[in-house]
Amino acid sequence: MSFGIEKDYEMRGQVKQVILIDDSESEYDLSKRMFQVFMPRTELKWFPDGDQFMEFLKKDFAKISASTIVLMDVNMPAKGAREILTEMEEASFVGKIPVVI
């Protein structure tokens, strides 16, 4: 099934990678299916907690392209969006990657 949405995004080349930070595996599964249908050329990376994401960000920031966005759950058990954003700011990552909460 296609609604033409993916073609619009792919033609503009706006989003090539989405990083999902969410402790719910069911949310990840739903997101993965959504991207497969609507934006099949977009890579989806999943981090079930903020600590794993921050570890990745500090180690592999160079692998994040300008066409990457981060989708983040507000409430997570170990570290929520506020704490992650604070860490990103302290590490000078805020403003370099678009974040949607």
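Which residues of S3 form the covered face, and which the uncovered one? Thr68, Val70 and Met72 make up the covered face of S3, while Ile69 and Leu71 make up the uncovered one. The model is predicted: local features need pLDDT of at least 70, side-chain atom pairs count only at pLDDT 80 or more, and totals for chains, interfaces and linings use all residues. Residues are numbered from 1 along each chain as its sequence is written, and side-chain values use heavy atoms, with hydrogens and water left out.

**Sheet**

Helices (H or I, at least four residues) and strands (E, at least two) are DSSP runs, numbered from the N terminus. Two strands pair if DSSP finds at least two bridges between them. The open sheet has 4 strands in the order S2-S1-S3-S4, with parallel pairing. Its edge strands, S2 (43-47) and S4 (99-100), each pair on one side only. S1 (residues 17-21) is joined to S3 (residues 68-72) by 5 bridges in the parallel sense, and S3 pairs with S4 over 2 bridges, also parallel. Individual bridge partners are listed below.

| Residue | Bridge partner | Strand of the partner |
|---|---|---|
| Ile19 | Val70 | S3 |
| Leu20 | Leu71 | S3 |
| Leu71 | Val100 | S4 |

Helix H4 (residues 81-90) packs on the sheet and touches S1, S3 and S4; contact means heavy atoms within 4.5 Å. The direction of H4 makes about 145 degrees with that of S3. Axes are lines fitted to C-alpha atoms, for helices over the stretch in contact, and angles run from 0 to 180 degrees between N-to-C directions. S3, H4 and S4 form a right-handed β-α-β unit, meaning that with the strands pointing away from the viewer the path from the first strand over the helix to the second runs clockwise.

**Cores**

A nonpolar core is a set of buried Ala, Val, Leu, Ile, Met, Phe, Trp, Tyr and Cys residues joined through side-chain atoms within 4.5 Å. Buried means under 20% relative accessible area, exposed over 50%, and partly exposed in between (1.4 Å probe, protein chains only). The largest core holds 16 residues, of which Ile19, Ile21, Phe53, Leu57, Ile84 and Met88 touch the most other members. S1, helix H3 (50-60), S3 and H4 are the elements that give two or more residues to this core, and H3 gives the most, with 4 residues. Not counting residues up to four places away in sequence, Leu57 touches Ile64, Met88, Phe93 and Ile97. A second, separate core has 7 residues, among them Leu20, Tyr28, Phe35 and Met39.

**Aromatic pairs**

Rings of Phe, Tyr and Trp (its six-membered ring) pair if their centres lie within 6.5 Å; planes under 30 degrees apart count as stacked, over 60 as edge-to-face and the rest as tilted. This rule gives 3 aromatic pairs. The ring centres of Phe47 and Phe53 are 5.8 Å apart with planes at 65 degrees, so this pair is edge-to-face. For Phe47 and Phe56 the centres are 5.1 Å apart and the planes at 35 degrees, so the pair is tilted. Ring pairs link Phe47, Phe53 and Phe56 into a cluster. Phe47 is buried because its relative accessibility is 11%. Phe53 is buried at 0%, and Phe56 is buried at 11%.
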